[in-house]
Structures are given as structure tokens and as C-alpha cells.
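Please consult the structure while reading the numbered points.

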Amino acid sequence: MIFEYSPSERVTLLEAFAEFADSRVDNGVVKLSDRIGSGYVKGVKLGGSLRMMLLDGLLKEELLFKRLASEQAPRHVTLTFQMDQFPSVRITSANIDYEISIPAGAPLRLVILSVNYEDLFALVGPDNEAGRLQRILTGRGPYFYEEDFPIAMQKVVDEMVSADMNSLSYLFYNAKSRELIYMLFLQLLSGGRGQTYPINGADVRTAYAVRDLILADLSLGPSLPALAQAVHISESKLKRLFKQVFGQTIYNYYQHYRMKRAAQLIREERLSVSEAGYRLGFSNLSHFTRVFHQHMSTNPKKYSALTHPANGPHEKSQVW
């Protein structure tokens, strides 16, 4: 399924999605039809230009959400918090094509915030950090950034999506939206993104094609020449483009998600430390431990003990 939306003063995003989903907007909520799946989409105006849309559901088919670039609203920024297999936060200007792939058969929680620059920077306040933020978000032409989605932010999204409607819902969503904005920009400002270059929708799709190739098999290290050849661009452009979109080098990104996968194997599949490391291509336990600690701020044995306290302290050491 493909849902395509062009920002318009005549039809809101929620109204357009309701028509697509064979449903209607009822008090700011669109219930997903049986054709689409189960769940709902909710939209809330939070004062000024700040808007929130959240989705909690299960889709029968993969959905590609395509927001077309709009020159009518060039001073708007969109923040997308997506909880799926690889949770992420995307920061985009309104004047760039933008796609969200929503998988079928897997529970999805998604929060989208939209606000114009004036209201956004008024939230941040008249200080040096607001100036730095302005340079990041109002630089050279359209922009697209993806940031990591830490557990603290995921908890806020969970609270927003699972909240019951009541007489104080407006206040609740207002507070939580601002909390997400604060946490995201604190992370963005501390990330030290370097120089940015003009970017377009095709560049973003190229960056995500490379990301998908990297994540397809985390037991294999990425080859820059092979990746560049696969997407038909030079190695130098690939390195620059990937760093601009994802804020990390290709290898650092690979190692970061490799360790996230290792943590998932230990936590959810209850693999031993050595089994998780071996599954992800490590042949040396000490090397795996160092890399895990670098990206997860703890060593894998302690992580295993914390997630499975009954078994962790008694896990037998294994020879590689």
C-alpha cells in the first residue's frame, strides 16, 4: 500500500489518511478499517503551529507513507519518532520528499510532530543553544537527519500512544510533545554534526538503501567499494551522504546496530554472551566485550545478568 500526501491548507494529513483508510475523522481519531488492519491514528493541535499525529496499530500489508516536498511550508520542521525493529527519530524540512516504511504484521507505534521554526525556536528560548539549533535546521537548503532513539524517548512515545483520552488529554500531549522535543534536541546538539550539504529525496533514498544493505547481515562488515557500487555513486559521496543523514560513519553505524542486535539476542533470545558474539561474526570474546561496552556502556556479561538476574550470575564461561 502507498499513501501519498502533499501538505495543503485545504486537506489535513489526518483527513487525507482517513480517506485513504476508508474511514473518517471522529473527534480527532481515525479508526483503521479492516482493509488496512487494526488500531487508530490520532491527531491533536497543540497550540500555535505545533501539531501531533500518532499511530498505534497492526497493518495487514506493508505501508509506504510518502510526504511530498512542499514549497508552501518551507519554514516547517517534521519530527518522526518511529518504534519498529530499528527505532529511529527523523528530522526533516518540509521542502524535501520524505518516506516512512511501515511493515505488515508487526506492532507499530509512531508519533509525528510538526511545527514552524518560529514556534520551535521560541520553545528552545533565546540563548546560544537556540542559535546552534537554528544553524542546524535552517542551513543550506532542504535537510534530513536520522537520530538514535534511546530508551528514555521510547518510554515517552509509549506513554503518548497508550494514554487514555480524558479531560486533561490536551495538557498531557502538550507536555509530552515538548518533553520529546527537549530530549531530541539535547541529543542533536550534543552530537556534533559537521558541515551539511544540499540534499534531496533521491539522496535520502540512496542513504537508506545503503543502510538496508548494512543491516541485512550484521555478521558481515560493510565494504565501502561494494556499497558504493551497489548504489552507483562514488565512495567519497557515499561517505559524506551517509554521515550527513545518520550522523555517523558507515562503520560506526554498523557497529552500533551490531551491538544493539547482540543486546537483543541476549535479552530476548536468552543467548549466552559467547553465542551472541559468535552469531554476529566475532571470533574473539575480548574483542566482542570491548565493542559491546563501547556502544552499550556496560559489558555483555553484566548486561546478561541485569536482563536475566536468575541466570546471569551462574552463566558458565565458554571457550571460543
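How much space lies in the second largest pocket?

1. The model is predicted: local features need pLDDT of at least 70, side-chain atom pairs count only at pLDDT 80 or more, and totals for chains, interfaces and linings use all residues. Residues are numbered from 1 along each chain as its sequence is written, and side-chain values use heavy atoms, with hydrogens and water left out.

2. The second largest pocket holds about 760 Å³ of space. On a 1 Å grid over the protein atoms alone, a pocket is an open set of points with protein on both sides within 12 Å along at least five of seven lines, while a cavity is a set of points where a 1.4 Å probe fits but cannot get out; lining residues have an atom within 4 Å of a point. Grid points are joined across faces, edges and corners, and a volume is the space filled by probe spheres set on the points.

3. Of the 31 residues lining the second largest pocket, Gln 85, Pro 87, Lys 260, Gln 264 and Arg 267 lie nearest its centre. Helix H9 contributes the most to this lining, with 9 residues. The lining comprises 15 nonpolar, 6 polar and 10 charged residues, where Ala, Val, Leu, Ile, Met, Phe, Trp, Tyr, Cys and Pro count as nonpolar, Asp, Glu, Lys and Arg as charged, and the others, Gly among them, as polar.

4. Helix H6 (residues 201-216) and helix H9 (residues 250-268) have axes that come within 10 Å and cross at roughly 45°. H6 is therefore oblique to H9. Axes are lines fitted to C-alpha atoms, for helices over the stretch in contact, and angles run from 0 to 180 degrees between N-to-C directions; those under 35 degrees count as roughly parallel, over 145 as roughly antiparallel, 65 to 115 as roughly perpendicular and the rest as oblique. Helices (H or I, at least four residues) and strands (E, at least two) are DSSP runs, numbered from the N terminus.

5. In the contact (heavy atoms within 4.5 Å), Arg 211, Ile 214 and Leu 215 of H6 meet Ile 250, Tyr 253, Tyr 254 and Tyr 257 of H9. These residues divide into 6 nonpolar, no polar and 1 charged.

6. The largest pocket has a volume of about 950 Å³. Its lining has 30 residues, with Tyr 5, Thr 12, Leu 13, Arg 51 and Ser 114 nearest the centre.

7. The largest cavity contains about 60 Å³ of space. Its lining has 9 nonpolar, no polar and no charged residues, among them Phe 17, Met 53 and Ile 112.
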